[in-house]
Amino acid sequence: MKKFVLYRKRWYLANVKLDMFISILYVNIANLKSVPIEIFAEILNVFMIVRNIRQNSDVFYIVANSTIDETAAYYAEHDIRCASLSFTIDGQTIKEDFGATLPFHDFFEKLREGKQSTTSQAQMSDYLTIFREACESGLDVVYIGFSSGLSGSFQAGCMAALEVGKDYPERTIRCVDTLAAAGGECILVERAWQLRDLGKTADECAAEIEALRQHVVHLITVDDLNHLWRGGRVSRTSAVLGTLVGIKPVIYLDNEGKLQVCHKIRGRKQALEYLGDELLRQVEATESAGQSTPNAREQTIRISHGDCESDALYLADYLRSHGLKNIEVRMIDTVIGSHTGPGVIALFGIGQERRPF
């Protein structure tokens, strides 16, 4: 069984020719004497993947921004090109590099000291370089972009696609606005590379991501209302009074990819549990509507945090105690962290709809 799983793992990136791949499978099948039905099913699945890849032999580029709360190793492992956003803090401008130049903990410590961080969108020149590289290699592109409701990065990518497309009219460059951020954005990027690795075309991949994006739930709470005030999300009076009485806002990303405050809860623990309960309601609604494929409780749930790992782990344990087992915890990136501040907790998963019930 392990052999067949190994063969499925993006063999084309290891320079294994398709005909050789089929021959290896044929030899393995011929040597099997007593094969359980589940192995035959696995073999059939492999051949279906091979057929799809033969029909769609051109592997396409996947391009994402630096705001998906993943590591450089993740981008490399899944062959994702990155168009990075930038931030400026303490007089230094840094293009996001996953904490290599300024470790995440040090970044949030600077914010705690009262230093301000400003951000800049991904540059059109970076998109042009990546898109041209793909087209010159005879490959299509799917760009899975940071929400246009939060950044101009997606628009820059679209402009670059139009420019490169004029020079390579035979190639497909699809730009998909995730209307998502952080871990929610990562859910869509992850689905994109899975579809690519199953042999889907760029158009098929883009269409499925566009269909899925309105079901990616973003639930967020912050520890310091002053960062929301600076970003224009709450008034100065609300920030001061809320901080004094321990009010914790609950925020979600709406269908246009913009932040909206939906609830205000007193107490950090209560806010964290509210996030968990709301996601559980979304999962249950998806199951009841028969929309979950595979089972909604088996999906990977993502939690991002602003240098407050203990709170993130508390929420993860809370979710596990209610039947959600596959949970990934990451530090939130520096661009988004510039606007939320330290202490932010963000929860992401696939549910029935974006707006909390």
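This is a predicted model: local features need pLDDT of at least 70, side-chain atom pairs count only at pLDDT 80 or more; totals for chains, interfaces and linings use all residues.
Visitor: What is the handedness of the crossing of H12 and H13, and which residues make the contact?

Guide: The crossing of H12 and H13 is right-handed. H12 contributes Arg268, Lys269, Leu272, Glu273, Leu275, Gly276, Asp277 and Leu280. From H13 come Asp311, Tyr314, Leu315, Tyr318 and Leu319. By class, this contact of H12 with H13 has seven nonpolar, one polar and five charged residues.

Visitor: Why is H8 called roughly antiparallel to H9?

Guide: Helix H8 (residues 182-197) and helix H9 (residues 202-212) pack at an angle of about 150 degrees, and their axes are 10 Å apart. The cut-off for roughly antiparallel is an angle over 145 degrees. The angle of about 150 degrees passes that cut-off, and therefore H8 is roughly antiparallel to H9.

Visitor: Which residues of H8 and H9 meet, and how do they divide by class?

Guide: Leu188, Arg191, Ala192 and Leu195 of H8 meet Cys205, Glu208, Ile209 and Leu212 of H9. They divide into six nonpolar, no polar and two charged. The crossing of H8 and H9 is right-handed.

Visitor: How many aromatic pairs does the structure hold, and what makes the pair of Phe107 and Phe108 edge-to-face?

Guide: There are six aromatic pairs in the structure. For Phe107 and Phe108, the ring centres are 5.1 Å apart and the planes stand at 75 degrees. Rings pair if their centres lie within 6.5 Å, and planes over 60 degrees apart count as edge-to-face.

Visitor: How do you know whether Phe107 and Phe108 are buried or exposed?

Guide: Phe107 has a relative accessible area of 0%, and Phe108 also has 0%. Buried means under 20%, so Phe107 is buried and Phe108 is buried.

Visitor: Which residues do ring pairs link into a cluster?

Guide: Ring pairs join Tyr127, Phe131, Tyr143 and Phe154 in a cluster.

Visitor: Why does Asp90 count as partly exposed?

Guide: Its relative accessibility is 49%. Exposed requires over 50% and buried under 20%, so Asp90 falls in between and counts as partly exposed. Asp90 lies in the loop between strand E3 (86-89) and strand E4 (92-95). Asp90 is not a glycine, yet has a positive phi of about 55 degrees.

Visitor: Where is Leu179 found, and what makes this residue buried or exposed?

Guide: Leu179 is in the loop between strand E7 (173-177) and H8. The relative accessible area of Leu179 is 9%; the limit for buried is under 20%, so Leu179 is buried. Leu179 has a positive phi of about 55 degrees although it is not a glycine.

Visitor: How many helices and strands has the chain, and what share of its residues is buried?

Guide: The chain has 14 helices and 13 strands. Of its 357 residues, 49% are buried. Among contacts between residues at least 6 apart in sequence, 74% join residues at least 24 apart.

Conventions. Residues are numbered from 1 along each chain as its sequence is written. Side-chain values use heavy atoms; hydrogens and water are left out. A crossing is left-handed if the near helix is turned anticlockwise from the far one by less than a right angle, and right-handed if clockwise. Helices (H or I, at least four residues) and strands (E, at least two) are DSSP runs, numbered from the N terminus. Contact means heavy atoms within 4.5 Å. Ala, Val, Leu, Ile, Met, Phe, Trp, Tyr, Cys and Pro count as nonpolar, Asp, Glu, Lys and Arg as charged, and the others, Gly among them, as polar. Axes are lines fitted to C-alpha atoms, for helices over the stretch in contact, and angles run from 0 to 180 degrees between N-to-C directions. Angles under 35 degrees count as roughly parallel, over 145 as roughly antiparallel, 65 to 115 as roughly perpendicular and the rest as oblique. Rings of Phe, Tyr and Trp (its six-membered ring) pair if their centres lie within 6.5 Å; planes under 30 degrees apart count as stacked, over 60 as edge-to-face and the rest as tilted. Buried means under 20% relative accessible area, exposed over 50%, partly exposed in between (1.4 Å probe, protein chains only).
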